[in-house]
Amino acid sequence: RVEDAVRVTDEPLRMVATKGIWLWATDVAPVRVEALVAAGRHDDAARLVAQYERGLRGRSAPAARAALATCHGWLAHGNGEYDRAVGLFAGAAHCWEQLPRPYDGLLAREQQARSMLATGDAEPALDLLTHTFQRLCELGARGDADRVAELLREHGVDAQRSWRRGRRGYGDQLSPRELEVVRLLVTGKTNREIADALSRSPKTVAGQLSSAMRKLGVNSRTALAVAVVDAGIVPHDLATEDE
């Protein structure tokens, strides 16, 4: 959906350029450059990369530098400079990994491998893609892992989607983190109080409570508290220990 990608990145980058706040372009600039290259607008992509580079001069911003290297990689790949793109994406991946931002690092490794394939250096490229696929699985990035798996299969490599390496699934059972939240719920604490006690965001707590409700077939906090006590998941005396 190249045209959509160009459209949704247009206004944010225009605002960044107008205000000169290039540090805020870290996450959107690489996407914009990739979209422009995919749309065949190489000159526009080159101008954006040049603006971004000027905007970062004299600034110490590791994430922005990693993003700039990623932009240069996309530009080189789009111009058919595949050997140069390999080095640029490798450098960007290293920068992301050092932050650490492993997901961004893996996306850069994927593009490094794609540029390697374009140079005809297939064997090391497929090795890198296999490692990238496995790490994306471990992170739970299913959509990205599926994309890499499809590319591997196109080149004769069997990429199995095994998600057991990632976070354990608990089925209908409460996970340890959900159980922590529920144990505090039955003492009468609010979502905010639970979040403060567990050093989580209220949004995370709300999501974990919703998941627990779904697993136990209830639709309110009160019903959840009753259900976990009745089921023996949380001891009955815990609900009264604060009284």
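**Helices, buried residues and a cis bond**

Student: Leaving aside its neighbours within four places in sequence, which residues is Val16 in contact with?
Tutor: Contact means heavy atoms within 4.5 Å. With neighbours within four places in sequence set aside, the residues that Val16 is in contact with are Ile21, Trp22 and Ala25.

Student: Is Val16 buried or exposed?
Tutor: This is a predicted model, in which local features need pLDDT of at least 70, side-chain atom pairs count only at pLDDT 80 or more, and totals for chains, interfaces and linings use all residues. Residues are numbered from 1 along each chain as its sequence is written, and side-chain values use heavy atoms, with hydrogens and water left out. Buried means under 20% relative accessible area, exposed over 50%, and partly exposed in between (1.4 Å probe, protein chains only). Val16 has a relative accessible area of 5%, so Val16 is buried.

Student: Which helix holds Val16?
Tutor: Helices (H or I, at least four residues) and strands (E, at least two) are DSSP runs, numbered from the N terminus. Val16 falls within residues 2-19, and that helix is α1.

Student: How many disulfides are there?
Tutor: A disulfide is a pair of cysteine sulfur atoms within 2.5 Å. For Cys71, the closest cysteine sulfur is in Cys95, 13 Å away, which is too far for a bond. By the disulfide rule, the count comes to zero.

Student: What is the relative accessibility of Cys71?
Tutor: The C-alpha atoms of Cys71 and Val16 are separated by 16 Å, and the two residues are 55 residues apart along the chain. Cys137 counts as buried at 3% relative accessibility. Cys71 also counts as buried, and its relative accessibility is 1%.

Student: Which residues does Thr70 touch, not counting residues up to four places away in sequence?
Tutor: Thr70 is part of helix α4, residues 62-78. Its relative accessibility of 8% makes Thr70 buried. Once residues up to four places away in sequence are not counted, Thr70 touches Pro30, Phe89, Ala92 and Trp96.

Student: With which side chain does Asp144 make a polar contact at 2.8 Å?
Tutor: Asp144 belongs to helix α8 (residues 142-154) and counts as buried at 13% relative accessibility. A polar contact is a pair of N or O atoms within 3.5 Å; within protein, one must be able to donate a hydrogen and the other to accept it, and residues adjacent in sequence count only if both atoms are side-chain atoms. At 2.8 Å, the partner side chain is that of Tyr103.

Student: Where does Pro100 lie?
Tutor: Leu99 and Pro100 are joined by a cis peptide bond, with omega about 0°. Helices α5 (82-98) and α6 (102-119) stand on either side of Pro100, which lies in the loop between α5 and α6.

Student: At roughly what angle do the axes of α10 and α11 cross?
Tutor: Axes are lines fitted to C-alpha atoms, for helices over the stretch in contact, and angles run from 0 to 180 degrees between N-to-C directions. The axes of α10 (residues 191-198) and α11 (residues 202-216) come within 8 Å of each other and cross at roughly 110°.

Student: Is Leu209 buried or exposed?
Tutor: Leu209 sits in helix α11. Leaving aside neighbours within four places in sequence, Leu209 is in contact with Val181, Leu185, Asn191, Arg221 and Leu224. At 2% relative accessibility, Leu209 counts as buried.

Student: What is the phi of Ser199?
Tutor: Ser199 is in the loop between α10 and α11. Its relative accessible area of 69% makes Ser199 exposed. Although Ser199 is not a glycine, its phi is positive, at about 55°.
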